[in-house]
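Please keep the sequence and the 3D view open while reading.

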Amino acid sequence: MSDSDSEVMDEWAEAMAEAGDDAGEEAQAAPLESLQADGSAGDDVNLDVILDIPVTISMEIGRTDINIRNLLQLNQGSVVELDRLAGEPLDVLVNGTLIAHGEVVVVNEKFGIRLTDVISPAERVKNLK
């Protein structure tokens, strides 16, 4: 474990102590090094402890920058031009991190997304560092 990893662990431990965590357990470093090149986890990793943690998933069709003057002038019927071309894949983000690209579909009269390209878990971990 590197010095920066150790510092982060110490900060988490302090934060947990300040929050009044009575469990008495010290924070454990996630064994990111055990993630294999093909994206699979090593045999010693138990992901069951995190499987029920809720995350926010969002789809982004594009972005644009506008000044506050134009923002305040928006009303019903206004059109905002985005930075993507029609037909380009959407970005699928989990807690703000890109995990896939996809296309819009309709499922039972509701919008959905069909994933066309999923970023490997190993690449996602690499992007976090």
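E103 and R114 join their side chains in a salt bridge, at 2.9 Å from N to O. The term covers a side-chain nitrogen of Lys or Arg within 4 Å of a carboxyl oxygen of Asp or Glu. E103 belongs to strand β3 (residues 97-107) and R114 to strand β4 (residues 110-118), so the pair ties together parts that are 11 residues apart in sequence. Strands here are DSSP runs (E, at least two residues), numbered from the N terminus.

How accessible are E103 and R114? E103 is partly exposed at 36% relative accessibility. R114 is partly exposed too, at 46%. The classes are buried (under 20% relative accessible area), exposed (over 50%) and partly exposed (in between), with a 1.4 Å probe and protein chains only.

## Basis of the values

This is a predicted model, in which local features need pLDDT of at least 70, side-chain atom pairs count only at pLDDT 80 or more, and totals for chains, interfaces and linings use all residues. Residues are numbered from 1 along each chain as its sequence is written, and side-chain values use heavy atoms, with hydrogens and water left out.

## The other salt bridges

How many salt bridges does a search of the whole structure find? The count is 3. Side chains of opposite charge can pair when their charged atoms come close.

E60 and R63 form one of them, with an N to O distance of 2.9 Å. E60 is buried, at 17% relative accessible area. R63 is exposed, at 52%. D91 and R84 form another, at 2.4 Å from N to O. R84 is partly exposed, at 22%.

## D91 and its surroundings

D91 sits in strand β2 (residues 90-94). Its relative accessible area is 13%, so D91 counts as buried. Besides the bridge to R84, the D91 side chain makes a polar contact with the side chain of H101, at 3.0 Å. A polar contact is a pair of N or O atoms within 3.5 Å; within protein, one must be able to donate a hydrogen and the other to accept it, and residues adjacent in sequence count only if both atoms are side-chain atoms.

H101 also stands opposite D91 in β3. Beyond neighbours within four places in sequence, D91 is in contact (heavy atoms within 4.5 Å) with S58, M59, E60, R84, L98, A100 and H101.

## The sheet

In what order do the 4 strands lie? They form an open sheet, β1-β2-β3-β4, with antiparallel pairing. The edge strands are β1 (57-60) and β4, and each pairs on one side only. The twist averages 40 degrees from one strand to the next. For such angles, axes are lines fitted to C-alpha atoms, and values run from 0 to 180 degrees between N-to-C directions. Two strands pair if DSSP finds at least two bridges between them. Strands of a sheet pair through backbone hydrogen bonds, either parallel or antiparallel.

## Two hairpins

β2 and β3 run antiparallel and pair over 5 bridges. L93 has L98 of β3 as its bridge partner. These strands form a hairpin with 2 residues between them, and N95 in the turn has a positive phi of about 50 degrees.

β3 and β4 are joined by 8 bridges, also antiparallel. V104 has I113 of β4 as its bridge partner, and A100 stands opposite V118 in β4. β3 and β4 form a hairpin with 2 residues between them, and N108 in the turn has a positive phi of about 50 degrees.
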